[in-house]
Amino acid sequence: MKRFTETQKWDDPWFRKLRPEMKLLWQWILDRCDSAGVIDPDLELASFQIGYEYPMDTLCEFGGRVLALDGGKFFIPKFIQFQYGKLSE
């Protein structure tokens with residue numbers, strides 16, 4: 001599946017201040033979430049694929065950019081608007 005990526009993220013102060021392993025995890029989340037911006041994160045897989053051991057509470061470091069849902073899933077609030085623009089019925 002192809003996705004749009006924000007090329008200006010490297011200029012964003014929020015992204016710039018992330019540690020390198022968190023930048024990689026952010027990209028991993030955006031690549032692995034479903035088309036609604038929801039992910040059931042497998043941090044064991046992310047750790048294996050990225051090469052950095054992520055503790056279970058790592059996603060909390062992203063603050064309001066990743067919201068916890070029931071059942072251990074997470075939602076990326078800005079994902080749908082960025083990928084698809086305004087949705088219609």
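This note sets out numbered points on the side-chain contacts of the structure above.

1. Basis of the values. The model is predicted: local features need pLDDT of at least 70, side-chain atom pairs count only at pLDDT 80 or more, and totals for chains, interfaces and linings use all residues. Residues are numbered from 1 along each chain as its sequence is written, and side-chain values use heavy atoms, with hydrogens and water left out.

2. Aromatic pairs. The structure holds five aromatic pairs. Rings of Phe, Tyr and Trp (its six-membered ring) pair if their centres lie within 6.5 Å; planes under 30 degrees apart count as stacked, over 60 as edge-to-face and the rest as tilted. One of the pairs is edge-to-face and joins Trp10 to Phe15, at 4.9 Å centre to centre and with 85° between the planes. Phe15 is buried, with a relative accessible area of 2%; the term buried means under 20% relative accessible area, exposed means over 50%, and partly exposed lies in between (1.4 Å probe, protein chains only).

3. The pair of Trp26 and Phe62. These two rings form a tilted pair, 5.1 Å centre to centre with 55° between the planes. Trp26 belongs to helix H2 (residues 20-32), whereas Phe62 is in the loop between helix H3 (43-50) and strand S2 (67-68), so the pair ties together parts that are 36 residues apart in sequence. Helices (H or I, at least four residues) and strands (E, at least two) are DSSP runs, numbered from the N terminus. Both Trp26 and Phe62 are buried. Ring pairs also bring in Trp14, which forms a cluster with Trp26 and Phe62.

4. Charges over rings. A charge sits over a ring if NZ of Lys or CZ of Arg is within 6 Å of the ring centre and within 35 degrees of the ring normal. Phe15 has the charged end of Lys23 over its ring, 5.7 Å from the centre. Trp14, a member of the ring cluster, has Arg65 over its face, at 3.9 Å from the ring centre.

5. Salt bridges. A salt bridge is a side-chain nitrogen of Lys or Arg within 4 Å of a carboxyl oxygen of Asp or Glu, and by this rule the count comes to two. Arg19 forms a salt bridge with Glu21, with the closest N and O atoms 2.6 Å apart. Arg19 also forms a salt bridge with Glu61, where the closest N and O atoms are 3.1 Å apart. Arg19 lies in the loop between H1 and H2 and Glu61 in the loop between H3 and S2, so this second pair ties together parts that are 42 residues apart in sequence. Arg19 is partly exposed at 38% relative accessibility, as is Glu61 at 44%, while Glu21 is buried with a relative accessible area of 15%.

6. Lys9. This residue is in the segment before helix H1 (13-16). Lys9 is buried yet has no salt bridge, and the nearest side chain of opposite charge, Glu6, is 7.3 Å away. In this account Lys and Arg count as positive and Asp and Glu as negative; His and the chain ends are not counted. The side chain of Lys9 does make a polar contact of 2.7 Å with that of Thr5. A polar contact is a pair of N or O atoms within 3.5 Å; within protein, one must be able to donate a hydrogen and the other to accept it, and residues adjacent in sequence count only if both atoms are side-chain atoms.

7. Ser47. Helix H3 contains Ser47, which counts as buried at 7% relative accessibility. A polar atom of the Ser47 side chain lies 2.7 Å from the backbone oxygen of Leu43. The backbone nitrogen of Tyr54 lies 2.9 Å from a polar atom of the Ser47 side chain.

8. Cysteines. A search of the whole structure finds zero disulfides, a disulfide being a pair of cysteine sulfur atoms within 2.5 Å. The nearest cysteine sulfur to Cys33 is that of Cys60, 18 Å away, which is too far for a bond. Cys33 is buried, with a relative accessible area of 3%, whereas Cys60 is exposed, at 62%.

9. Thr58. The loop between H3 and S2 also holds Thr58, which is buried at 1% relative accessibility. Thr58 and Met22 are 36 residues apart in sequence, and their C-alpha atoms are 8.7 Å apart in space.
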